[in-house]
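Okay, thanks for coming, everyone.

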Amino acid sequence: MSQRERRAVAHLRAADPVLASMIDDLGGDVPRWTPDADPYGAIIRAIVSQQLSTIAARAILGRLQDRFGGRNPTPAEVLADDPDELKSVGLSRAKVVSLRSLAEHLEDGELELGALRTLSDDELIAQLTAVKGIGEWTAQVFLVVGLAREDVLVAGDLVIRQAVRRGWGLDHLPERAELYALGEAWRPHRSTACAVLWAWARVGGPTA
């Protein structure tokens, strides 16, 4: 664990006793994000993963890549392909529309991959959500998983909401405003808090 990661974990332990307990449940092994060398591929994965389990998303992404020789299709290839053929790999119509809109934004220069890392979180979210089918959740997941930004709270994520409900003993799934209020104490390490919540929901938390 790097010094930065140790600082993040120490801050979260001190700031929130529930997160501290979750980190203990995980044996102190908090998942670490590293910047994705292929931001385009990370955005494609985020689009494919919307509202799907990890296993289902991985299978569909694999079929999509198999269709293009084992790699992600270029924007030009997405636009040249028949939308119904893209659907045949398991993509919904909405996700095909989203992939084509992403390709159009890249081809006409409205979205520049090389500039993404230089944008603030809010600027990047604004640019990505201009693509059809990319909402705040997808953009925030890209910030956390694709770019390893340090202070992003993915407040609309169902797994995170379920982890908070169980961990804090709530009788309801927390709304976005509740999560943002709760997450104020986690600044400036909300991405690490998300990693804790994601991991704990899968392996450390009770199922009730």
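Before I name any helix: helices here are DSSP runs of H or I with at least four residues, strands are E runs of at least two, and both are numbered from the N terminus. Keep in mind that this is a predicted model, where local features need pLDDT of at least 70, side-chain atom pairs count only at pLDDT 80 or more, and totals for chains, interfaces and linings use all residues. Residues are numbered from 1 along each chain as its sequence is written, and side-chain values use heavy atoms, with hydrogens and water left out.

On a 1 Å grid over the protein atoms alone, a cavity is a set of points where a 1.4 Å probe fits but cannot get out; a pocket is an open set with protein on both sides within 12 Å along at least five of seven lines; and lining residues have an atom within 4 Å of a point. Points are joined across faces, edges and corners, and volume is the space filled by probe spheres set on them.

So, how many cavities of 30 Å³ or more does the structure hold? Two. The largest cavity has about 150 Å³ of space. It has 14 lining residues, with R4, E5, R32, W33 and T192 closest to its centre. Helix 1, residues 3-15, and helix 12 each give two or more residues to that lining, and helix 1 gives the most, four.

The largest pocket has a volume of about 900 Å³. Its lining takes 29 residues, and S49, L52, T54, W137 and V141 lie nearest the centre. Helix 9 brings the largest share, six residues.

On to packing. A nonpolar core means buried Ala, Val, Leu, Ile, Met, Phe, Trp, Tyr and Cys residues joined through side-chain atoms within 4.5 Å, and buried means under 20% relative accessible area, with over 50% exposed and partly exposed in between (1.4 Å probe, protein chains only). The largest core has 59 residues, and L64 and L102 have the most contacts inside it. Helix 12, residues 190-204, gives the most to this core, nine residues.

Last, helix 2, residues 17-25. L19, A20, M22 and I23 are buried there. After helix 2 comes G27, with a positive phi near 70°.
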